[in-house]
Structure formats: structure tokens, C-alpha cells
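Okay, everyone, thanks for coming.

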Amino acid sequence: MLFIHGVPIEYTGSRKADLLVRNLKKFVAPDVSTLESDSAIKSFVENAGTSFPMFIGFGVNESLIAEYGGKYKKRAWFAVAKDFSEDWMATYDFNKIPALVAVHPKYNEQSVFYGPFEGRFLEDFVRQSLLPLTVPINTETLKLLDDDDRKVVLAILEDDSDVNSTQLVKILRSAAHANRDLVFGYVGVKQWEEFVETFDVSKSSQLPKLLVWDRNEEYELVEGSEKLEEGDQASQLSQFLEGYRAGRTIKKKVSGPSFMGFMHSLVSMNSLYILMFVVALLGVMMYFTGQDDTQPRRVHDE
């Protein structure tokens, strides 16, 4: 448990030593850091590491993002740069200020928001940028999707690490820039066969396959665009999105556990392992306690 300003919250991050330390440093850092120089910006980026996305406001008033620095403290770094050189404008590819730059070091992705800095526009950008433009689906990213209400354009691949898949991920990323109301994700049958089977996909299926998942119990196939053929896959993806937005879809139910079912199954498995360990430990303790009770005791006369 972590106590922030006296309020207890459960720590759900990594238990690995280096990541645990980095996560705890994140919790004790300011909600929004103030960076007064180029060297301060460089130090902030280096110390932030790659575990969390970063939001750096160049020429942005701290009061505009302070609310989100507190609200999303567990999921991202926030800072405002008050004095900086044009080198940072080239590094993060923005050409005017104020600008809020979202950076995902782990995925080598970044995007820029120029405003407006009021109403829901700013929060929508922050909330949508908490995830990378293209999300590799695994047990960790499923937890992140739990806090996002957008539907997921899911590409199911044979192996998400091969050369063809890498090229398709680049195409998905380009589409994600223009369709921020959707999450774009991908998963390989080789990487997580149990998960893809819930969408009636197996190793013998024709892949890549495209669908739109509601992150729960339903998904939609677009008529005539269920899979990607060799050739111009960017155009095929555009046709898929046009068909989805036009409502030319076939709705289906997942054939296995829903999104929450997967999350609960992960928790349940961990709980089961812990319970088995505790029962085994108690059994060993009872065995040795019984051994002590059966040993003959010698009585000495005073």
C-alpha cells in the first residue's frame, strides 16, 4: 500500500527491483515538475526512464496541466519547460508555442498538442496519449486498457515480431494519428494464442485479421475487410475503417472470457498460486510440529 497525502492506495506496479524503485520515485515526485533550463529538461527526461509516458509543456502555464499531473500521477510524468532552446523544438518536432508534447520512450513515439488548452480538448489529448499510438496487447497493456473507454481496432497477426508485422504496425500507427477516438492494437498468435482464440482465430486462420473490439464481450467484423491481403495494406486498412464508421459490420461475441474475464483470470491465477504456497507452508509447519510432539522427553530429577 502507498500513502499519498495520507490517502492509502494499492500499489499494482512491477515487483522487480529496478522497476519497483523507479515506480516509487514516480510517486514521490512532484505532480508537475518545473524545468528552468535545457540541462534541467535533459535531466528530467533521463531520470524519467522508459516505464511511463511523459508530458512536457513548452511555453504552457503550469496551472493548465496541474490538474492532470495529479489525476494521472500513477501513469505518467508531467513537466513544464519555462526556458529552453530551439534544439528541443527540433527534438520533439514542434514549431510553435505553447505546445504540449507527449512522449512514449518505450515505443519511440511522440505527439504534439497545440491547443485549445481549455474544456475537454486538453484532457482528451492527455487521456488518449497515456497509451502509445499502437498498443502491443499483453497482460500489462490489458490493465492499461481498463482505464480507457475507446474501442480497439485489433490486428491479429501470426507473429508480431516478424518483418511483415513490423511494417503493418507502422501502417497502424499512421492510421492511429488520424483516428484518435480509437485505440489501435496488435497481437500475435505466437505470442498469446489463448487470447486470440476468443476471436475465433487459430494458427490455421488466414492472417492478418482485423476487427473492432469493445474491450469486453463483443467485437465487430467489417464486411469484405475481415483480413488483410498482400499488397497495399494501408489502403485496405482505410477501407476497413470506412466500412466500420459506415456501419457495415457483423457483430459477434467473444468465445472465451471477456476483457474483465481475462483480468479476473490473471488475478485468480496469482491468488491460486499464493494459496497453494500458503497451504504447502502450513503443511510443512504442521509436519514438523507433529514430529516435535512425538519425540520422547527425558525428565531429570532435581
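First, what I mean by a pocket: on a 1 Å grid over the protein atoms alone, a pocket is an open set of points with protein on both sides within 12 Å along at least five of seven lines, where a cavity is a set of points where a 1.4 Å probe fits but cannot get out. Points are joined across faces, edges and corners, and the volume is the space filled by probe spheres set on them. Keep in mind that this is a predicted model: local features need pLDDT of at least 70, side-chain atom pairs count only at pLDDT 80 or more, and totals for chains, interfaces and linings use all residues. Residues are numbered from 1 along each chain as its sequence is written, and side-chain values use heavy atoms, with hydrogens and water left out.

So, the second largest pocket holds about 360 Å³ of space. It is lined by 17 residues, and the closest to its centre are N164, L207, P208, E230 and Q233; lining here means having an atom within 4 Å of a point. Helix α7, residues 163-178, gives the most to that lining, with five residues. (Helices are DSSP runs of H or I, at least four residues, and strands are runs of E, at least two, numbered from the N terminus.)

Now the sheet. It's an open one of five strands, in the order β3-β5-β4-β6-β7, with mixed pairing; two strands pair if DSSP finds at least two bridges between them. β3 and β7 stand at the edges with a single partner strand each, so one side of each has no neighbour in the sheet.

Look at β6, residues 99-104. How many of its six residues are buried? Six of the six, where buried means under 20% relative accessible area, with a 1.4 Å probe and protein chains only. A99, V101 and V103 point one way, while L100, A102 and H104 point the other. β6 runs antiparallel to β4, with five bridges, and I56 has V101 as its bridge partner. Five bridges also join β6 to β7, again antiparallel, and V103 is partnered with Q110 there. In the hairpin of those two strands, N108 takes a positive phi near 55°.

Last stop, V153, in strand β9. V153 is buried, at a relative accessible area of 0%. Among the residues it touches are L182, F184, L211 and L241, contact being heavy atoms within 4.5 Å. L241 is 88 residues away along the chain, yet the two C-alpha atoms are separated by 8.9 Å.

Methods. Buried < 20%, exposed > 50% of the residue type's maximum accessible area, 1.4 Å probe, protein only. Lists of a residue's contacts leave out its neighbours within four places in sequence.
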